[in-house]
Amino acid sequence: MRAVVLAVLVGALLSGCRRQESRPQEGASSAPQAPAPAASPPGAVLFISADTRGYLGPCGCSENMRGGIGRAAFQVQEARKGGQPVLYVDGGNSLFGESHLKPDQVPQEERKAKALADAFRTMGLAVRATGELDDTRGADFRRGLGLPEVASGGVKLLDAGARKVAVVAAASGEALVQASQQARAQGADFVVGLLDQPLEAAQAAAALPGLAANLVVATHSAGEFSAEENRLVRSDVPVVAVQSKGRSLLRVDLTYAAAKGPFALQRSQGDVDREVTALEQRITLLDKEINLPGIDPKLKALKQGKRDELAARKQGLLTAPPAPATDVNGFALRFLPLESNLPSAQDTQALVKAYDADVGKLNLEWAKAHGQDCPLPAKGQAGFVGSATCADCHAEATTVWQGSKHHHAWETLEAVGKQHHLNCIGCHVTGWQQPGGVCRLDKVAGREDVGCESCHGPGSKHVEAPSPETIVGKPGQAVCVTCHNPENSPHFDFATYLPRILAPGHGRPVKSGQAGEPPAK
């Protein structure tokens, strides 16, 4: 009996010691620690980007926006520390965002394309395909960037350790079939097909007889907002479309068996996939709450901390090595969203900073040398008069506007040195590129900020004949979403945001006494 009691006491003491050892020491950080990286199985890692559309990073208008070439470079550079062969491939349609540029856009967009090309080099780009949006400034400009390319219909064979990976490019399904067969004939063990088409066309190509690819990537979305999410279609030949504008990477983990042979897609990682999905849902909800106008700063900070913790946990799951293959060669597909809490590669981010510093000067110099004023409004059409003119008769409304974020729109650009960036200025001044408005970066004075006429329309006719018929009294959602679009303001909700710019004297009667949120500060 005594032996039994003694054993229980010893067990309790040891258990207490273990519990005590598990507590963080005083002064130590209690933040969750990332698990130690697991040993990588024999294989290789492929990173694939596509449809970047000339984006070096997100616009920064909202909290927690995905993207950034610096974050992408960090993912590739970190993977190379794992000891496996790492190949970075770009699917094309990456250098420019439009197929045609206005003359004033040329200096900025060419400089940006050069910055992207330099960033690709820091990432050790193995090969890239080309598409319509790469040739906006002509094939000679593209070739002059000196990046390794695979021509449409061509094959590029790459070493991936104990296996050969082929990257083939094509503009049609039939050409993809032919190129994939050529890749096999050249000894490729794993074939990636880059198809310069949207997802639906890539799905059709993946079903064509004779296709010898293991994976098809749709590299050209149908429109600017057609690739807002990562897409994976699981079929005999899986098809993927990576979130556009550099917001995500596709990671392909190859695992090698002892002998060469066909590669099989790892269909599911069970609990890991479910946990990643659950984390993404929670992060999406937190993003929406963090971006609510008027949220209490302390509550916002708490939610941001929780969001960063969940994003770090998700990142750890997405970058963990897959289970090793035993008797088959396998591949796993994972999208890596480039979340705002992820670090950026210093060398790549330095290129972005250099671009930001250069492009404002280039644009301003171009405007001074070649800029033209906006045309005058057509006969009978209203022109812009400026918010100062509106204030002469609308003092109460002006006071409300002066307390809103719209009134500080120009300041936000100046704070980050982007007041001369053509991608940004249109939503931070009044009447950009409109008759009688602002068409020159060197002549913005008096039209800074999102002014009265940004929402209510040009006011000259209203000044001449004050009347509800000569002005837009109650702008609708269609006006707001010209700037509050999915790219700049992904969490915008008209009913939620509208009260932030309304108050007695601006959308509510001066003496109504109605309760409502004050304008945003």
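Author: Start with helix H6, residues 199-206, in this predicted model. H6 lies across E6, E7, E8 and strand E9 (239-241). Its direction is at about 165° to E9.

Reader: Which order do the strands of that open sheet have?

Author: The general idea comes first. Strands in a sheet pair through backbone hydrogen bonds, parallel or antiparallel. Here six strands form an open sheet in the order E4-E5-E6-E7-E9-E8, and the pairing is mixed. Strand E4 (155-160) and strand E8 (231-233) stand at the edges. Each has a single partner strand, so one side of each lacks a neighbour in the sheet. On average, neighbouring strands are turned by 20° against each other, direction ignored.

Reader: How many bridges join E4 to strand E5, and do they run parallel or antiparallel?

Author: Six bridges join E4 to E5 (residues 163-170), and the two strands run antiparallel.

Reader: Next pair. Do E5 and E6 run parallel or antiparallel?

Author: E5 and E6 run parallel, joined by six bridges. Valine 165 has phenylalanine 190 in E6 as its bridge partner. E6 and E7 run parallel too, with four bridges. There, alanine 218 in E7 is the bridge partner of leucine 195.

Reader: What handedness do the crossovers have?

Author: E5, H5 and E6 make a right-handed β-α-β unit. From E6 the chain crosses through H6 to E7, and this β-α-β crossover is right-handed.

Reader: Where does helix H5 lie?

Author: Helix H5 (residues 173-185) lies across E4, E5, strand E6 (190-195) and strand E7 (215-218). H5 runs at about 155° to E5.

Reader: Which residues cover the two faces of E6?

Author: Count burial first, taking buried as under 20% relative accessible area. Six of the six residues of E6 are buried. One side carries Phe190, Val192 and Leu194. The other carries Val191, Gly193 and Leu195. Both faces are covered.

Reader: Now a helix on its own terms. What span should H3 have?

Author: In general, an α-helix has 3.6 residues a turn, so residues three or four places apart point the same way. Now the case here. H3 (residues 106-122) has 17 residues, and at 1.5 Å a residue they should span 24 Å. The end C-alpha atoms of H3 are 25 Å apart, which agrees.

Reader: Why is H3 called largely enclosed?

Author: Because 13 of its 17 residues are buried, H3 is largely enclosed by the rest of the structure. Look just after H3 as well: glycine 124 takes a positive phi of about 70°.

Methods: Residues numbered from 1 in each chain as written. Predicted model: local features only at pLDDT ≥ 70, side-chain atom pairs only at ≥ 80, totals over all residues. Heavy atoms only, no water. Pairing = 2+ DSSP bridges. Axes fitted to C-alpha atoms, helices over the stretch in contact; angles between N-to-C directions. Contact = heavy atoms within 4.5 Å. Expected span 1.5 Å × (residues − 1). Buried < 20%, exposed > 50% of the residue type's maximum accessible area, 1.4 Å probe, protein only. Right-handed = clockwise from strand over helix to strand, strands pointing away.
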